[in-house]
Amino acid sequence: MSQAPRTYITTPIYYANGEPHIGHAYTTLLADTLARYQRQAGADVLFLTGTDEHGQKIQEAAEKRGLSPIELCDEMAARFRNAWKRLDIGHDRFMRTTEADHLAVVGAFLTRLDARGHVYADTYRGWYCVHEERFWTEKDLAVGGLCPTCDRPLREIEEKNYFFRMSHFQGDLVRHIEEHPDWIVPETRRNEVLGFLQKPLSDLSISRPRARVSWGIPLPFDSNQTTYVWVDALINYLTASGAIDPNAAADDQGFDDVAGSRWPADLHIIGKDIVTTHAVYWPTLLMGVGLPLPKRILAHGWWTVGRDKMSKSLGNTVDPLELREEFGTDALRWYLLREMPTGSDASYTPERFLARYDELANVLGNLASRVTSMIVRYREGQVPDGDPGGLDGAIVGTLERFHAAMTALRVHEGLDSAMDLARTVNGYVETSEPWALAKTPSRGGELDAALATLTRALVVISALFFPVMPGKMTELAAGLGLNEVPPLQAAARIVPAGLRVRKVPPLFPKPEAVDT
Ligand code: MSP
């Protein structure tokens, strides 16, 4: 028996010091939608998300609230988990970097990096941004000596650090990117990384003195130093893959055969803010320990609020759970994924949200209610045995467009093609006029064909929209007399005749009547 294809999809792990907002929700929903799409196609998916719990930022946030770091992390990890549950995120593992297996894997990874001669100690001088958890050199600084990314004041630091010989891998990395044009998508991000790699790459500081940053994983070869939080965080992708055995004895480095694990990841989904860490630090670290690189990196754009950057300090963050309360989980999922062209920026406005909600209600919700109520009215709820092929061309064309878009990671285009099919099917209702056919007994055969065609189209629609709106599409499939939404590959082949249909109530009712 051939095995199901395996796919490993990751999100960034979110800092455990902020509330989940629509930016985090978007990344996680994008991953969830792609994971559901793959599962629908029969793949054995490992979908990983989690929280990034070490480092100075967390240490200071906990101090401010009078909590120990782990108390803060416990609270925030629970908050992220809860948000993802409400948004119907079906991750397979929620990684916390304070978990014992991760601590062991980080130790094994760094032991191996060191054993291969890629680590050395040196004095570091530079400007540190606690918010971004990264160093800047003098020439990077923004006007007034501020952080060039977030405009916050920096701290000048001089201390002992261990360094990874990242510079050694520059040529190999450039070659990898040039030989794999799809490794980083979209192309703008790929070009950005190649541009960055035109300058000589420096080595990477991978540790902090414990006296300054105590909330971190001790280095296996110097317990007075803690692991730089970005190195710790990136390794989470390996921990969850099972490529490194956390229970191995300290002297063997615990590297299992990668072939038996989920490594390499098929897709790292990240925001455009963290491309360098994922497309430069991470692959070179993997080269350093001799592990294969992730197969693909998708860097999506940034959500703004109106024209402003969304941030805690501006007090304009949009809470996904509030939107969910008002419009329902699936409408929020739809809005975020349909509105943002995958890879580009998008601006959140309540007006655009409402426009996308109306589109759902008027095109998709309306179609489902209309078709099911006609079957109930004209054929007592049983789909007649007519020719269901009336929309064959549109269905085949849509499936092709949908698969092509999803495979190219252009999710908004996939969703657009699904909505286009719903529009075409509404058009078919208008032109076939089942209500007119129902008045003329001699045209019963035509009515049967129209109703069978419409049912088949709705079954396909339920499968197309399922990855983005699993709850509503399960409701639709139940209304069509199916136990579950069929896999997309099978949907167009389901025989509609004989299905017991009941009238589907409005899937996207007026907001005040929404039941989340
Ligand atoms: N902890 C690091 C990631 C480590 S991964 C090994 C981190 N965390 S974060 O909480 O600051 O944000 C992570 C991700 O959230 C971003 O890369 C991006 O995917 C998403 N977003 C945060 N704000 C966002 C917007 N305003 N818009 C879109 N996505 C944004 O970085």
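**Ground rules.** I'm working from a predicted model, where local features need pLDDT of at least 70, side-chain atom pairs count only at pLDDT 80 or more, and totals for chains, interfaces and linings use all residues. Residue numbers run from 1 along each chain as its sequence is written, and side-chain values use heavy atoms, with hydrogens and water left out.

**Entry 1, the ligand.** I looked up who sits around the ligand and got 23 residues, of which I13, T27, D52, G271 and W303 come nearest; to be near, a residue needs one heavy atom within 4 Å. Then I went through polar contacts, meaning pairs of N or O atoms within 3.5 Å (within protein, one must be able to donate a hydrogen and the other to accept it, and residues adjacent in sequence count only if both atoms are side-chain atoms). D52 puts a polar side-chain atom 2.7 Å from a ligand nitrogen. W303 uses a backbone N or O atom, 2.8 Å from a nitrogen of the ligand. With G271 a polar backbone atom is involved, 3.1 Å from a ligand oxygen. On its own the ligand has 670 Å² of accessible area, and the protein covers 94% of that (Shrake-Rupley method, 1.4 Å probe; for residues, only the protein chains shown count as cover).

Which elements give two or more residues to the shell? They are β1 (6-15), α1 (22-40), α7 (229-234) and β12 (267-271), and β1 gives the largest share, four residues. I note that helices (H or I, at least four residues) and strands (E, at least two) are DSSP runs, numbered from the N terminus.

I found M473 in helix α17, residues 470-479. Buried or exposed? M473 counts as buried because its relative accessibility is 0%; the cut-offs are under 20% for buried, over 50% for exposed and partly exposed in between, with a 1.4 Å probe and protein chains only. Leaving aside neighbours within four places in sequence, M473 is in contact (heavy atoms within 4.5 Å) with L364, I461, S462, F465, F466, V485 and L507. I also checked E484, eleven residues away along the chain: its C-alpha is 8.9 Å from that of M473.

**Entry 3, strands.** I followed β11 (222-227), which runs antiparallel to β9 (207-209) with three bridges between them; strands pair if DSSP finds at least two bridges. β10 (218-219) also pairs with β11 in the antiparallel sense, over two bridges, and a hairpin of two residues joins β10 to β11. T226 of β11 is the bridge partner of R208 and of P218.
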